[in-house]
Amino acid sequence: MSAGGEKPKTFRQETKPPDPKARKRLGILLSGRGSNFLAIAESIRAGRLEGVEIAVVISNVAEAAGLAKARELGLPHQVFVSKGRKRQEHDAEMIACLRAHGVNLVCLAGYMRMLSAEFVAAFHNRILNIHPSLLPAFPGLEAQEMAFNYGVKVAGCTVHFVDEDLDHGAIVVQRAIPVLESDDEHSLAGRILAEEHMAYTEAIARVASGEYEIRGRRFVKRNL
Ligand code: GRF
């Protein structure tokens, strides 16, 4: 309580929860080829993601093809080389950059490094990741090859919120495809990638609508 019965002069704006319907300013994190990033950029250009813009593209690898694409597209971009850096220090630089660009939704698009707990907390329930399997099956690296060698008959991809565990948070979108007799691990990975490009746009659109809530692990439409 403040003295004299006055209303406490707290910094209300800082404590207000983020407006779920606010325009989405994406921060894309990538490490490599960047085809998911390009699919998102193309969806925005084509008008499939209203109220969404790419605020900044960050790579932890200087030579990443996705970074070169961001440069070509004239999008704000930044490199924070992570090799040899302490995770927390590296992530702190990325957090500062994302905040400076007004990012309110982080999209991991082939970002090949675990995030620190501090990063996950800084963007709580505002980080999406795409994974090339139907989670919780085959988390981690080489998911498509693992699924193929396991002999699954249905494969696919998952877009999920990021929590502190690997490939683990609440699922926003999954897309499934049959594994064909004619498939090998490469053709399967290629067909999964085509689904990924659609799944990420679908997931961002759902999150950008603001019409959702996360109940336990479940991403559900609000007021259902
Ligand atoms: C994709 O398969 C994605 O699911 C995984 O990493 C790969 C990135 O590919 N997380 P790209 O860089 O988006 O082309």
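In this predicted model, a nitrogen atom of the ligand is 2.9 Å from a polar backbone atom of Ile130, a polar contact being a pair of N or O atoms within 3.5 Å. Taken alone, the ligand exposes 370 Å², of which the protein buries 87%; accessible areas come from the Shrake-Rupley method with a 1.4 Å probe.

The residues around the ligand (a heavy atom within 4 Å of it) are Arg33, Gly34, Ser35, Asn36, Gly110, Ile130, His131, Pro132 and Glu196. This shell divides into two nonpolar, five polar and two charged residues, with Gly counted as polar. Both α2 (35-45) and β5 (127-131) supply at least two residues of the shell.

The protein has seven helices and nine strands, which are DSSP runs (H or I, at least four residues, for helices; E, at least two, for strands). Its radius of gyration is 19 Å, close to the 17 Å that the globule rule gives for 224 residues, so the protein is as compact as a globular protein of that length. The radius is taken over C-alpha atoms, and the rule is 2.2 Å times the number of residues to the power 0.38. The C-alpha trace spans about 80 × 45 × 35 Å along its principal axes.

Residues are numbered from 1 along each chain as its sequence is written, and side-chain values use heavy atoms, leaving out hydrogens and water. As the model is predicted, local features need pLDDT of at least 70 and side-chain atom pairs count only at pLDDT 80 or more, while totals for chains, interfaces and linings use all residues.

Conventions:
Polar contact = N/O pair within 3.5 Å; in protein donor to acceptor, adjacent residues only side chain to side chain.
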